[in-house]
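Here is a short briefing on salt bridges. Please look over the sequence and structure before reading on.

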Amino acid sequence: MQGVLTGFAVIAVVIGVGFVIGRRGYLGEHGREVLTKLAFHVASPALLFTTLAEADLSVIFSNRLLVTALSTAAAAGIFVAVGVVRRWGVGRTTIGALCSSYVNAGNLGIPIAVYVLGDASLVAPVLLFQVIALTPIALTILDLSGQGEKGPLWRRLITPLRNPIAVGSLAGVAVSALGLTVPGPIMDPLTLIGNMSVPAVLLAFGISLCGSTVPGRGPDRHLVLLSVALKSVGQPAAAWALAAGVFGLRGAPLLDVVVTSALPAAQNLFTYASRYRVGEVLARESILLSTILSVPVLVVIAALLG
């Protein structure tokens, strides 16, 4: 359980620093916006490129990836179905679906994979699936929902290629697939820039908590509670059912996929919500509540399957 507690402690400290920065006004009234833009346009694309450029793409064909994809689709699909019935709108429904299924595979998933599962590479299938498939799809939907029918068709079709997150991810995959080696003078600066991503996201998240209401009590409370329930309970339950019942996984492989699916909603979802100015409260509160709930959930999973 040291890995679980260590991962959450690191995140809590950095978010706390962001909260203090916000309360003291050290970065001015536009500090959060600047950090968000830095993460979205510069640091996160660099981080995703450097990570995927050196990744083993053979994990794409593993059973673990199939479990991840199907459990993600199940959790997100339920939220989308409810959102369509309740007419929550494309933007809020997309953010809510992400909060219901997009796990914190980076800054929390990696330390937990190291300390709990014993291998950092076990989080790679989740990370690859999210950055290669889930993120481009979701951000394209957000881009198109904001543009409506404006602009020529060709411009709408190349929307993923104009998104820095998608570009960084796809470029990294291309480098890895072609077996290329990026020279140190290029990779080292990109690595340095990418290292700003997680701190920038966490600090912006902490700043956003200043003056916020108690989670789950605002006008988006129904969306928040549904997304948190799906993320904290629905997705890991679906992963367990698929892994054990369909793919026949047992022991350590079963523990791996269930633990990774039980990770809380990723902080960079708040960056996306802020970037597109939709569902910001929904993202912030869902991330916060799912992060708190994931501690007992991960402890229970480790005790039952470990």
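**Salt bridges in a predicted model**

E33 is partly exposed, at 30% relative accessibility. The model is predicted. A search of the whole structure finds 5 salt bridges.

**Within helix α2**
- K37 and E33 form a salt bridge, with their closest N and O atoms 3.2 Å apart.
- Helix α2 spans residues 31–53 and holds both partners.
- K37 and E33 sit 4 residues apart, about one turn of the helix.
- K37 counts as partly exposed because its relative accessible area, 45%, falls between the 20% and 50% cut-offs.

**From helix α2 to a loop**
- E33 also pairs with R277, and here the closest N and O atoms are 3.6 Å apart.
- This pair links distant parts of the chain, 244 residues apart.
- E33 lies in helix α2, while R277 lies in the loop between α13 (268–276) and α14 (280–305).
- R277 is exposed, at 62% relative accessibility.
- Salt bridges link E33, K37 and R277 in a network.

- R92 forms a salt bridge with D220, and their closest N and O atoms are 2.5 Å apart.
- R92 is partly exposed at 26% relative accessibility, whereas D220 is buried at 11%.
- D220 counts as buried because its 11% is under the 20% cut-off.

Definitions and conventions: Residues numbered from 1 in each chain as written. Predicted model: local features only at pLDDT ≥ 70, side-chain atom pairs only at ≥ 80, totals over all residues. Heavy atoms only, no water. Salt bridge = Lys/Arg side-chain N within 4 Å of Asp/Glu carboxyl O. Helix = DSSP H or I, 4+ residues; strand = E, 2+ residues; numbered from the N terminus. Buried < 20%, exposed > 50% of the residue type's maximum accessible area, 1.4 Å probe, protein only.
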